[in-house]
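I opened the file to look at the DNA contacts and then the protein cores. My notes follow in the order of looking.

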Protein chains: 2
Amino acid sequence: MESNKILVVDDETDILTLLSYNLKKAGFDVLTAKDGPEAIEIARARQPGLVILDIMLPNMDGTEVLKQLKADTKTAGIPVIMLTAKGEEVDRIVGFELGAEDYITKPFSPREVVLRVKAVLKRFKLPRSDERIITYRDITIDPSKHRVTVRKDTIDLTPTEFKLLKELLEAGGRVLSRDLLLDMVWGQDCYVTPRTVDTHIRRLRSKLGYAGRYIETVRGVGYRIKTEEDQ
Amino acid sequence: MESNKILVVDDETDILTLLSYNLKKAGFDVLTAKDGPEAIEIARARQPGLVILDIMLPNMDGTEVLKQLKADTKTAGIPVIMLTAKGEEVDRIVGFELGAEDYITKPFSPREVVLRVKAVLKRFKLPRSDERIITYRDITIDPSKHRVTVRKDTIDLTPTEFKLLKELLEAGGRVLSRDLLLDMVWGQDCYVTPRTVDTHIRRLRSKLGYAGRYIETVRGVGYRIKTEEDQ
DNA sequence: CCCCATTGTTACAGAACTGTTACAGTTGTC
DNA sequence: GACAACTGTAACAGTTCTGTAACAATGGGG
């Protein structure tokens, strides 16, 4: 998915020309399609970084195309900007239901389109704020902010400690062996004594204070997070 | 400026209750104020995404409150919907002269209010985030004027510093890696040492004075703006 | 109750990271 | 063309992080 390639879908040649010209001037590579099936095919094959899709298309409705793009794993991740005639039914298109990233109503200024495209691309590059915030008892960790709190108190963790805690919490009570943790936190091909894990577990526990007790040693196996049941 | 928070200003408890109930049901967080000074204070402190303001208030006239909100850089960017008794003098309120975004005449149906709120928010949210005034604590940045103020003091920033600060503020507490910042500020295909970011962060911090501390180093990861929660 | 494998604790040195400063190249202005 | 402002890079210093190792404590099996 090269974010520099943009697929523009519209049946009107004038609009294709206008948008192509302006997007190219702004430094993008432009692909075009004139109907739904063509759009889907090109999106799958060329993996553009963004799609601009007219809601009014011959042959297949724009919302239908959008649905199919979002249903296909090869294209689901590509942000889509819809072109709509009037600001009608926009709620249904943008956001959860159909999953377009933004919409622009016709008539539009080419400059506006370029701005929107840039804005959407930027938003997509940002670390996902919707990245899951993990909570266990009083511990909350927010990966996008790289922040850990224990009952409202922020705890400073080093990168290693942070990843370690994240993996443990994500495992949700399953035991993780030292070797597995090495793979997950240190990377698959690193040569470090498994005992290193112990040291970091120790540091983690001590930084977490009383919450450190949630990390349980399973003798001979590894570490796990205590689930609420086993008090 | 969280667009989910809505400040309702009215001296009649009944109306506050009615609007609170309906807005909360629609998924908004509601703040309330019973007079002008209180409204201004809350708007500055809590940064709601929208204000609903009765034109008839004891103590200070609603239009006066509106004027003050629009004059303060910390609140100028917040859209305001006025509640008016009859459709009188509306031209003066809405639009250029006083700068409200919309008005609703009493009596109104709660449903109508919620719809208007959503409409205004949508209008405000989607168009160019580039031009929006961003405020964080004492820092206000106005992209359209390329101006940054820290508690009323204007700070001179170079273009790079400005963009850097803007991206950090817009990320709202999320950590931005050096590479990502290079993409966002320097452009997607530039070959600059990531360490360059450090230097500019340093310059930024020093120009911002005490506010420079809001920029937090996340060792091994990147930089982020301290959110109010993590004291 | 003892022994031994396993784990907790601590200290430490090298590595990695960031802050700070100076400097040179660029650009634009007068 | 001189000058100032702005940038990117490099070098140095200070701090923090991290893996290892040595030693103490623990706990389960016999």
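How far is a phosphate oxygen of DNA strand C from an N or O atom in the side chain of B:R202? I read 2.3 Å for this pair, bearing in mind that the model is predicted.

I then looked up other phosphate contacts of the strand. The side chain of A:Y223 has an N or O atom 2.7 Å from a phosphate oxygen of DNA strand C. For B:R178, I found a polar side-chain atom 3.2 Å from a phosphate oxygen of DNA strand C. Helix 8 (195-208) and strand 11 (215-218) of chain A, with helix 8 and strand 11 (215-218) of chain B, are the elements giving two or more residues to the surface near this strand.

I listed 23 residues around DNA strand C, of which A:R202, A:T217, A:G220, B:R202 and B:Y223 come nearest. By class, the residues of this surface are 14 charged, 5 nonpolar and 4 polar. On the DNA side, 57% of the atoms within 4 Å of the protein belong to sugar or phosphate, and the rest to bases.

Next I turned to the cores. The largest nonpolar core has 29 residues, and B:I139, B:V148, B:L165 and B:I215 are among those with the most contacts inside it. Helix 6 of chain B gives the largest share of this core, 6 residues. Apart from it I noted another core of 27 residues, including A:Y136 and A:F162.

Last, I checked chain A as a whole. It has 8 helices and 12 strands, and 46% of its 231 residues count as buried.

How values were computed: Residues numbered from 1 in each chain as written. Chains lettered and ligands numbered in written order. Predicted model: local features only at pLDDT ≥ 70, side-chain atom pairs only at ≥ 80, totals over all residues. Heavy atoms only, no water. Helix = DSSP H or I, 4+ residues; strand = E, 2+ residues; numbered from the N terminus. Buried < 20%, exposed > 50% of the residue type's maximum accessible area, 1.4 Å probe, protein only. Core = buried A, V, L, I, M, F, W, Y, C linked by side-chain atoms within 4.5 Å. Near = heavy atom within 4 Å. Polar contact = N/O pair within 3.5 Å; in protein donor to acceptor, adjacent residues only side chain to side chain. Nonpolar A, V, L, I, M, F, W, Y, C, P; charged D, E, K, R; others polar.
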